[in-house]
Protein chains: 2
Amino acid sequence: MINEKNVRLGTVRSSIRELFEYGKKRKAEIGEENVFDFSIGNPSVPAPPEVKLALKEIIDTYDPVELHGYTSAQGDYSVRNTITEYINSRFKTELTADCIYMTCGAAASLTITLNALLNEGDEVITFAPFFPEYKVFTEHAGGKLLAVECEEETFQIDFKKLEKALSPKTKAVIVNSPNNPSGVVYGEKSLILLGQLLERHSEKYKNPVYLIADEPYRELTFEKDVRVPYIMDFYANSVVCYSYSKSLSLPGERIGYIAVNNKSENFAEVYAGICGAGRALGYVCAPNLFQQLIKKVCGLTSDISVYKKNRDKLYTALTEYGYKVVKPDGAFYMFVKALEEDAKAFCERAKDYELLIVAGDDFGCRGYARVSYCVSPEMLERALPAFKKLAESYKK
Amino acid sequence: MINEKNVRLGTVRSSIRELFEYGKKRKAEIGEENVFDFSIGNPSVPAPPEVKLALKEIIDTYDPVELHGYTSAQGDYSVRNTITEYINSRFKTELTADCIYMTCGAAASLTITLNALLNEGDEVITFAPFFPEYKVFTEHAGGKLLAVECEEETFQIDFKKLEKALSPKTKAVIVNSPNNPSGVVYGEKSLILLGQLLERHSEKYKNPVYLIADEPYRELTFEKDVRVPYIMDFYANSVVCYSYSKSLSLPGERIGYIAVNNKSENFAEVYAGICGAGRALGYVCAPNLFQQLIKKVCGLTSDISVYKKNRDKLYTALTEYGYKVVKPDGAFYMFVKALEEDAKAFCERAKDYELLIVAGDDFGCRGYARVSYCVSPEMLERALPAFKKLAESYKK
């Protein structure tokens, strides 16, 4: 009688959330220090100290009517200008402020972009494993999400499978690198190939396929030789959905942006569609205080060396205990091969050792579990014996 | 090829925005002090000083990982609890924290509520004059907006016209009081009648009609004897969409909430639908810092005596000059009868005197113009001779 689809979405929790709630209950029962919660991607490292200083300075010195007032729907011009200068200094782009649309974080960036691009029945392709909300966002925009499996073990794009999945209905492809949940970074060669393939396909059907990069983890890489290529350097019809949630540890403040490549064939229409979709979805503007903050701290990140140390410690330990692990180049997730065929059963057994990890099934990839290592180094240390016992339980 | 409807929404500016942009240009040409801009509803009174103090205290004393981290999608429990205690102390409600869903402001409250309630083809009724974005929000949610004209001159609900507009397809009715653009407050008798009518209609078709109150202007009334009745006190199947944008002068920070009446027949489904719609639209949570702020300043308002003084001065002057004006009981808008049949021509002529006012046509009501008097008292004073000259120009 009311909207059943949304009632269902609001009733059925994602299994990540289920596990997170189980963890809270379990911590109350046996003590926080005895539960090893690797369920959620909530940054454990605080925002850099410059964030606190800048927030206080802004609040102290700006006129409150201006500071807390509406910005234009696209976002404050000088903020957008600062962001494009930063992007242009890092990549081969020549963006202007009018390529940027400030948003309430990555989820808003994606829903707005998908609502701008899609018509009823259009198809969106992504690569499994993938962030499960892509399906929710695509379906709300009237589209259908197709998940193309990645190559086994490397979790890089499988171009043969991608070619099969492309159809005249394909409107967009979403790439997420560094990837949640695999931690894999798609390399430059992959993106060049991807661009060429999509160009041929667009040409064939005289209908551009848009490449959407979902980039909340862009700044979270751990080796100097790992570069996350910028899709605009490889493909004209492209849109970057960025968020400061993970790079600045501000996930609850909802601040990010959409950048539309001004080399897109239909740049003006795409940007107008984004403005229109933002309006229709009820996003009046991104929070003004946090827009002004970004102007001051653009380019900074939290201390991500903590995540690197966690990755190294966890990777070394897990491989030593006999787990097969994709070594992550970025983000703060590790994708571990389950020690039995059914990853859900594996994650259930992990609970016997108070280990909370999420089955890959939810990310469209069976046989694996996601370990979110954005946790305190002390908790990680305490959890290692539990990972060891879990592995040993399969050897008996 | 991409979504035409959203491209159109992003291309065609509302005429309020058009006028606002014209004003910016004109100010650059002839000097800010010579343009009398009454086009936009941007609060001119700063947030109360407690807002600045509370923001600084929160930033100084809270753990940044907690403060800037995700809250649950519904919002922080203790924040929601503070809000319900406040509502229950003012009205006859017995709400709990689980009736509240924190949002990024009133527009988000409305889009989320409409997406929760509507199925394709459902009808939503509102009363003209009305805030034009209701149409955009309703259509995005798959519904159709019907505007029922208010009684002439009083701008109160016309129940005969409402009865004619109700149909088996009616899913919701939106009331906005104090009203944008008329400034009128719907009285208790009106709301009792409205509730009775909707109950009979719901009963007849065995299909509840939901009453949605859009309440950004609730706290903006100017006389002690003017009370804005709370719809939950009169009607069970009701939802309040609240925003702190105008009451605390924080429109750019995007903070508000949805309150679902726990006496609704399908309370659990409606609340779940709201959670689901919030998820599908990409609203992960409302900005955490501003949620925590609301916990500290809930119940405070900006100094609205400035708006009262503006209203009194403007009302006295305009009636003296011969304008017919609906005396507003609240909000910061005055609805003035145009001095010729075509209100658009009237507003065009006003520009000759550097007066920027918006034709009522955009609000679904011909023959009137909206004057937003949330301006500085000095500008209002300077503008009065222009209003006088405009009136005189029609007497020649």
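**Notebook: charges, fold and rings in chain A**

I began with the charges: chain A carries 50 positive and 54 negative side chains, and the centres of these two sets are 3 Å apart. A reminder to myself that I am working with a predicted model.

Next I looked up the secondary structure and found 14 helices and 13 strands in chain A. I then checked the radius of gyration, which is 21 Å; the globule rule gives 21 Å for 396 residues, so chain A is as compact as a globular protein of that length. For the extents, I noted that the C-alpha trace spans about 65 × 55 × 55 Å along its principal axes.

How much of chain A is buried? I got 61% of the 396 residues. The accessible surface came out at about 15200 Å², with carbon and sulfur atoms holding 50% of it. I also looked at contacts between residues at least 6 apart in sequence: 75% of them join residues at least 24 apart.

Then I turned to the rings. My search of the whole structure gave 37 aromatic pairs over all chains. One that I opened up is A:Phe155 with A:Tyr368, an edge-to-face pair at 5.1 Å centre to centre and 80 degrees between the planes. I was pleased to see that this pair links distant parts of the chain, 213 residues apart: A:Phe155 sits in the loop between strand S4 (144–149) and helix H8 (159–165), A:Tyr368 in strand S13 (residues 368–372).

Are these two partners buried or exposed? A:Phe155 is buried at 4% relative accessible area, and A:Tyr368 is buried too, at 8%.

Last entry: I found a cluster in which ring pairs link A:Tyr217, A:Tyr307, A:Phe332 and A:Tyr333.

Technical notes
Residues numbered from 1 in each chain as written. Chains lettered and ligands numbered in written order. Predicted model: local features only at pLDDT ≥ 70, side-chain atom pairs only at ≥ 80, totals over all residues. Heavy atoms only, no water. Helix = DSSP H or I, 4+ residues; strand = E, 2+ residues; numbered from the N terminus. Rg over C-alpha atoms; globule rule 2.2 N^0.38 Å. Buried < 20%, exposed > 50% of the residue type's maximum accessible area, 1.4 Å probe, protein only. Contact = heavy atoms within 4.5 Å. Areas by Shrake-Rupley, 256 points an atom, 1.4 Å probe, with all protein chains shown as cover. Lys, Arg positive; Asp, Glu negative; His and termini not counted. Charge placed at Lys NZ, Arg CZ, Asp CG, Glu CD. Phe/Tyr/Trp six-rings, centres within 6.5 Å; stacked < 30°, edge-to-face > 60°.
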